[in-house]
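Here are my notes on the model, point by point. Please read them with the coordinates open.

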Amino acid sequence: MSLTDTPNANRLHIALFGRRNSGKSSLINALTGQDTALVSDTPGTTTDLVSKAMEMQGIGPCLFIDTPGFDDEGELGELRISRTLKAIEKTDIALLLCGDTTFFHEKEMLALLKEKNIPVIPVLNKIDIRENNDSLATYIEKECKIRPLLVSAKEEIGIEQIRQAILEKLPSDFGQQSITGELTAENDLVLLVMPQDIQAPKGRLILPQVQTIRELLDKKCLVVSCTTDKLTETLQALVRPPKLIITDSQVFKAVYEQKPEESKLTSFSVLFAGYKGDIHYYVESAAVIESLTEDSCVLIAEACTHAPLTEDIGRVKLPRLLRKRIGEKLQIDIVGGTDFPQDLTPYDLIIHCGACMFNRKYVLSRIERAREQHIPMTNYGVAIAYLNGILDQIEY
């Protein structure tokens, strides 16, 4: 991904669901105008999630997700179906391809999507090879209580109707979420403290830093950056104290001790907690740290999967802070990527990363799962601020 690309996590996620050989892959190719997904007459050709990023006129950056058939069979089929169900958690809008016989699976999927408050666009594909399209659409409407669009992916019939339907189903608040919110305005001086250590890719900035800088520039803020070891010199060089200081959570305490009294303080992780998730639930849940004991169990969840680094914040620094506060016997489990447990009840607290690699819909689905199971959930930045005794002194 180049710096000019929209990150996939910030794109509208449109997933295609349907039976095997219902034409999902052909439809995604027609919608993207490219051979994105492998097409075959053999049922079950799509065996894993296939994603394609693109721009749609009037809609903007999108990510289409092609899923395996939800009627797959056998042990391997069950695995494919489980991956299809996981895709629901990150779906903003669903295209549901209907079959032409029984509608048990379609009804089941429709109910699941509605339960998750996901807008659904039903589609009857392959109208170029059917003779009873209108009557079948009427029957589907009677069975599923929703009328499908008539489409032929092969002949590219009805594709514009789908694009229009996506536009109509677009969540009213999609893309309006701000990283810095009301913390910054035009002409505000904002200082970014960004330690370029082993965590940062050589020659590049990490994604939250890039996205935050871009938003601040769009807001016409005055942006200054430095590494932690140059914070004192940077503050001395400024003609006035910064309105806001945004730092990496791992140096929260050091920056707090040096910041001007009038400067507000936050971190990239805390900002992304609000941008991607529910910051108020995170702050409320952080208080649970006070009641943890060595018999407690904490789950640390990372959005990205990577080889553990020497001073990895999620795998090394945060566990060290927790055990220093609570005790060395504290059990800490760590998961990465999409490996987030369905059953969260073994845990007394969940601590999530900033989730820059996930879309907001997916993060909120994890928060909802935690809420349903009555498990408190916070994030790296909020937890670190609490452990350093400055949570009530930071902005979000």
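Predicted model: local features only at pLDDT ≥ 70, side-chain atom pairs only at ≥ 80, totals over all residues.

Residues are numbered from 1 along each chain as its sequence is written, and side-chain values use heavy atoms, with hydrogens and water left out.

1. **Helix α1.** This helix spans residues 24-32 and is mostly covered. Helices are DSSP runs of H or I with at least four residues, strands are runs of E with at least two, and both are numbered from the N terminus. Eight of the nine residues of α1 are buried. Buried means under 20% relative accessible area, exposed means over 50%, and partly exposed lies in between (1.4 Å probe, protein chains only). The buried set is K24, S25, L27, I28, N29, A30, L31 and T32. Contact here means heavy atoms within 4.5 Å.

2. **T32.** This residue lies in α1. T32 counts as buried because its relative accessibility is 9%. A polar atom of its side chain lies 2.9 Å from the backbone oxygen of I28. For the backbone oxygen of N29, the distance to a polar atom of the T32 side chain is 3.4 Å. A polar contact is a pair of N or O atoms within 3.5 Å; within protein, one must be able to donate a hydrogen and the other to accept it, and residues adjacent in sequence count only if both atoms are side-chain atoms. Leaving aside neighbours within four places in sequence, T32 touches K52, M54 and F64.

3. **T67.** Look at the loop between β3 and α2 (74-88), where T67 sits. T67 counts as buried, at 0% relative accessibility. A polar atom of the T67 side chain is 2.6 Å from the backbone oxygen of L16.

4. Most residues other than glycine have a negative phi. N117 has a positive phi of about 60° and is not a glycine. The loop between α3 (104-115) and β5 holds N117. N117 is exposed, at 67% relative accessibility. K126 is another non-glycine with a positive phi, about 65°. K126 sits in the loop between β5 and α4 (133-144). Its relative accessible area is 24%, so K126 is partly exposed.

5. **The four-strand sheet.** The order is β8-β7-β9-β10, the sheet is open, and the pairing is parallel. Two strands pair if DSSP finds at least two bridges between them. β8 (222-226) and β10 (264-267) are the edge strands, each with a single partner, so one side of each has no neighbour in the sheet. The twist averages 20° from one strand to the next. Strand β9 (244-247) joins β10 through four bridges. I245 has L265 in β10 as its bridge partner.

6. Axes are lines fitted to C-alpha atoms, for helices over the stretch in contact, and angles run from 0 to 180 degrees between N-to-C directions. Helix α9 lies across β7, β9 and β10, at about 75° to β10.

7. **α9 against α12.** Helices α9 (268-276) and α12 (360-372) pack at about 90°, with axes 9 Å apart. That makes α9 roughly perpendicular to α12 (angles of 65 to 115 degrees). G274, Y275 and K276 in α9 meet R360, V363 and L364 in α12.

8. **Strand β13.** Both faces of β13 (349-352) are covered. L349 and I351 are buried on one side, I350 and H352 on the other. β13 pairs with β11 (297-302) in the parallel sense over four bridges, with L349 as the bridge partner of V298. β13 also pairs with β14 (377-379), again parallel, over three bridges. There, I351 has T378 as its bridge partner.

Methods. Parallel < 35°, antiparallel > 145°, perpendicular 65-115°, else oblique.
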